[in-house]
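Here are some notes for a colleague who is new to reading protein structures. Please keep the model open beside the text and find each residue as it comes up.

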Amino acid sequence: MAFDGLITWAEGLERSLDAKARLQHWMGHEPDSWQVEAFSVRPPASALPGGAVASEVAMRVGRQSGKTSVLAARCVEELHVAESLSLCIAPSERQAKIIAREVTRQLRRTDLVVTRSTLTELEMSNGARVIALPSTSDTIRGFPSVSLLVIDECAFLKGDDTEDVRGEALISGVLPMLTTQGQVYFSSTPAGKNNYFARLFLDENGRERLDNDLHRIVVKGTELPRLSEKVERMRRTMSATRFRQEIDVEMLSDGVSYFDISAIEQATNMQEGAICPRM
Ligand SMILES: Nc1ncnc2c1ncn2[C@@H]1O[C@H](COP(=O)(O)OP(=O)(O)OP(=O)(O)O)[C@@H](O)[C@H]1O
Ligand SMILES: [Mg+2]
C-alpha cells in the first residue's frame, strides 16, 4: 500500500473507533466538547465507549453554536445502521430543509451510497432512511419503527388551542413511533417557559429540574471562545432580554409578562414576600 493510502486507511480506522474523529470529519470543524458529548450519548443497547447512556437528550444551547450541525451528524451516524429510520422535525419547512441540507453535506464525507432521494427523504444502499419534515406536515404521524427522532428548534413548535403546554400535542403524537431501543433529541434555544422544551428543564415551580430522566446539555454562547466575536455583535444588536434568552439560554417568562415572576420570587426574602404575593 502506498504511503498516502496508508494514511487514508489509518484515518478511516481512527474514525471507526473514535466518535470525536467521526464528528470532526463529518462536520468539517474541530467539535466543541458539548458537541462530542451530545453526539456520543446513546441508548442503553448501543452505548459507545466513554459516551453517556440515555434514550432522551435535551440540548439547550445558544444561537449559532452548532446545534443543527451535531444533530445532522447524529443522523449520519444512524444512517450507518442498516434499515434504521431517522425522523427530523422542525417547526417550519425552512428549518426542516436546513437540517436536511446539513445531513446531505455531511453524507458526502462518508462511504454511504444514496439509492433514493425525494424532497423530504434519503435512502441508503443499506436500507437506512432519514426523513425531514416541518411539524406542520400532515404526514408526520404514522411512520413505523423510528430509531432516531430529532426535534430541532423544539421550543418554537407551534401549538394548538387545545394544549396547555405548547408543542405537547405534536411531541406526544410522534414519541410513540420510536422503537424501544430508539433515541430522541430535543434541541433549541429557549423561547419562554410555557412549552414542552422548557418543561424538560424546569419543574412546575419554574426551578431548574435536577432529576436524571433525560441527558441535559446546557451551553451559553458566552462559554464558547470561538463564538466570542459573534456573541459580542449579538450583544450590541439584540435587546438585553433577547440576549439573555438566545445567548445565555435563560428560560424567561412568555411574552405576556415583562417581569419574570419566578426570578422576582427568588430575589425576594421571606420578610419581603408580601411585596410579591403568590397569586
Ligand atoms: N465546532 C464548530 N467549530 C466551528 N464552526 C462550527 C462548529 N460547529 C458548527 N459550526 C458552524 O457554525 C455555524 C452554525 O452552526 P449551526 O447551524 O449548526 O448552529 P445552530 O446552533 O443550529 O444555529 P441556530 O441557533 O442559528 O439554529 C455553521 O456555519 C457551522 O458550520
Ligand atoms: Mg440550528
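Predicted model: local features only at pLDDT ≥ 70, side-chain atom pairs only at ≥ 80, totals over all residues.

1. Helices and strands, as the words are used in these notes, are DSSP runs numbered from the N terminus, a helix having at least four residues and a strand at least two.

2. On the overall form, the protein has ten helices and eight strands. Its radius of gyration is 20 Å, close to the 19 Å that the globule rule gives for 279 residues, so the protein is as compact as a globular protein of that length. Taken along the principal axes, the box filled by the C-alpha atoms is roughly 80 × 40 × 35 Å.

3. Which residues are closest to ligand 1? The ligand is surrounded by 15 residues, and the closest of them are His 29, Gly 66, Lys 67, Thr 68 and Ser 69. Helix H4 (residues 67-79) gives the largest share of this shell, namely three residues. Sorted by class, the shell holds eight polar, five charged and two nonpolar residues.

4. Two packed helices are described by the angle between their axes and the distance between the axes. For helix H2 (residues 19-27) and helix H3 (residues 33-40), the axes come within 10 Å and cross at roughly 110°. Since angles of 65 to 115 degrees count as roughly perpendicular, H2 is therefore roughly perpendicular to H3. On the H2 side the contact is made by Ala 19, Lys 20 and Leu 23, and on the H3 side by Gln 35, Val 36, Phe 39 and Ser 40. By class, this contact of H2 with H3 has four nonpolar residues, two polar and one charged.

5. Most residues other than glycine have a negative phi, which makes the next two residues worth a look. Gln 64, in the loop between S1 and H4, has a positive phi near 60°, and Glu 153 has a positive phi near 55°. Are these residues buried or partly exposed? A residue is buried if 20 or more other C-beta atoms lie within 10 Å of its own, exposed if 12 or fewer, and partly exposed in between. Gln 64 has 16 such neighbours and so counts as partly exposed, whereas Glu 153 has 22 and so counts as buried.

6. Phe 156 also lies in the loop between S6 and H6, and it counts as buried because it has 20 C-beta neighbours inside 10 Å. Leaving aside neighbours within four places in sequence, Phe 156 is in contact with Pro 91, Ser 188 and Ala 191. Between the C-alpha atoms of Phe 156 and Glu 208, which are 52 residues apart along the chain, the separation is 20 Å.

7. Val 53 is found in the loop between H3 and strand S1 (56-61), and it counts as partly exposed because it has 14 C-beta neighbours inside 10 Å. Not counting residues up to four places away in sequence, Val 53 touches Arg 42, Pro 44 and Ala 47. Val 53 and Leu 214 are 161 residues apart in sequence, and their C-alpha atoms are 9.4 Å apart in space.

How values were computed:
Residues numbered from 1 in each chain as written. Chains lettered and ligands numbered in written order. Near = placed C-beta within 6 Å. Nonpolar A, V, L, I, M, F, W, Y, C, P; charged D, E, K, R; others polar. Rg over C-alpha atoms; globule rule 2.2 N^0.38 Å. Axes fitted to C-alpha atoms, helices over the stretch in contact; angles between N-to-C directions. Parallel < 35°, antiparallel > 145°, perpendicular 65-115°, else oblique. Contact = placed C-beta atoms within 7 Å.
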